[in-house]
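My notes follow in the order I took them.

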Amino acid sequence: MRVERVAFDPPAGALRALYDSLLAQYGTQPWWPAETPFEVVVGAVLTQNAAWSNVEKAIAQLKTGRLLTLHAILDSDHDTLAAAIRPSGYFNIKARRLRNLCEYLAAQGGLEAFSAMPLAVQRAGLLGVNGVGPETADDILLYALDRPVFVIDAYTRRLLQRYRLASGEESYESLRAAFERAMQGDVYAYQQYHALIVMHAKEVCRKAPSCGRCGLAADCPTGAGG
DNA sequence: TACCAGGAGAAAA
DNA sequence: TTTTCTCATGGT
């Protein structure tokens, strides 16, 4: 459970310097791993508290079952949809959340019509969908719609803690605002930054034999677990 | 066998 | 208002 009580106020230039450092180390990233904007939307829900490798399996099954369109999901029954996304875990909940999100997007006239709406309207609308929280909404806005919204996830929080830039008690919104100030509305940089953070977490973690996962072990360089 | 992963919402305190 | 519980598969 996250504790979010304090504002995030990093030293001037620190977030930009961190981005430059990660970019120099890993180069540009091919991210988000999806073929279409709608696939990003689906992936954003399926990745909730799940490893991406399992999300990939679920998306592959949706493709095989020809369920990877807004109307195909709306037309499917719960059991069929849940069975397809089973590998991503929480399949009953995620099937409902996917349907909620598709119903909302359909009500807006589809993903393309939704993409033309003002950002504030889009974000508020997504956050009003049961099953869509800040991270999921921002994943969709940044990677499916190319909107200037920074995504804060568990990796981001761990990285900030690792570099003593955050305590772990900062609110999602204060973290997001700080990154957006630092990167000055550059959508491409937002996308790259988040991708680089994920890449860094996985790469450093891979080099930590005692961890082997994604950074929660006490001696993992990515983690705040120490 | 036990633990954890790119969360979110409901229920309980 | 804040904290705890629930949802669940697959990799290590």
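**Notebook: helices and their contacts**

I started with helix α9, residues 134–144, and found it mostly covered, with nine of its eleven residues buried. I kept in mind that this is a predicted model. Which residues of α9 are buried? I listed T136, A137, D138, D139, I140, L141, L142, Y143 and A144. Then I looked just past the end of α9, where D146 has a positive phi of about 55°.

Next I turned to helix packing. Two packed helices are described by the angle between their axes and the distance between the axes. I took helix α2 (residues 37–46) with helix α3 (residues 52–64) and read an angle of about 135° and axes 10 Å apart. Angles over 145 degrees count as roughly antiparallel. This pair is therefore oblique. I noted that α2 passes α3 in a right-handed crossing. Which residues make the contact? On α2 I found E39, V42, G43 and L46, and on α3 V55, A58, I59 and L62. I sorted the residues of this contact into six nonpolar, one polar and one charged.

I then checked α2 against helix α6, residues 91–107. Their axes come within 10 Å and cross at roughly 145°. Here too I wrote down a right-handed crossing, α2 passing α6. From α2, I saw V41, V42, V45 and L46 meet K94, R97, L98 and L101 of α6. How many residues of each class does this contact have? I counted six nonpolar, no polar and two charged.

Definitions and conventions
Residues are numbered from 1 along each chain as its sequence is written. Chains are lettered from A and ligands numbered from 1 in the order in which they are written. This is a predicted model: local features need pLDDT of at least 70, side-chain atom pairs count only at pLDDT 80 or more; totals for chains, interfaces and linings use all residues. Axes are lines fitted to C-alpha atoms, for helices over the stretch in contact, and angles run from 0 to 180 degrees between N-to-C directions. Helices (H or I, at least four residues) and strands (E, at least two) are DSSP runs, numbered from the N terminus. Angles under 35 degrees count as roughly parallel, over 145 as roughly antiparallel, 65 to 115 as roughly perpendicular and the rest as oblique. A crossing is left-handed if the near helix is turned anticlockwise from the far one by less than a right angle, and right-handed if clockwise. Two residues are in contact if their C-beta atoms, placed from the backbone, lie within 7 Å. Ala, Val, Leu, Ile, Met, Phe, Trp, Tyr, Cys and Pro count as nonpolar, Asp, Glu, Lys and Arg as charged, and the others, Gly among them, as polar. A residue is buried if 20 or more other C-beta atoms lie within 10 Å of its own, exposed if 12 or fewer, and partly exposed in between; C-beta atoms are placed from the backbone.
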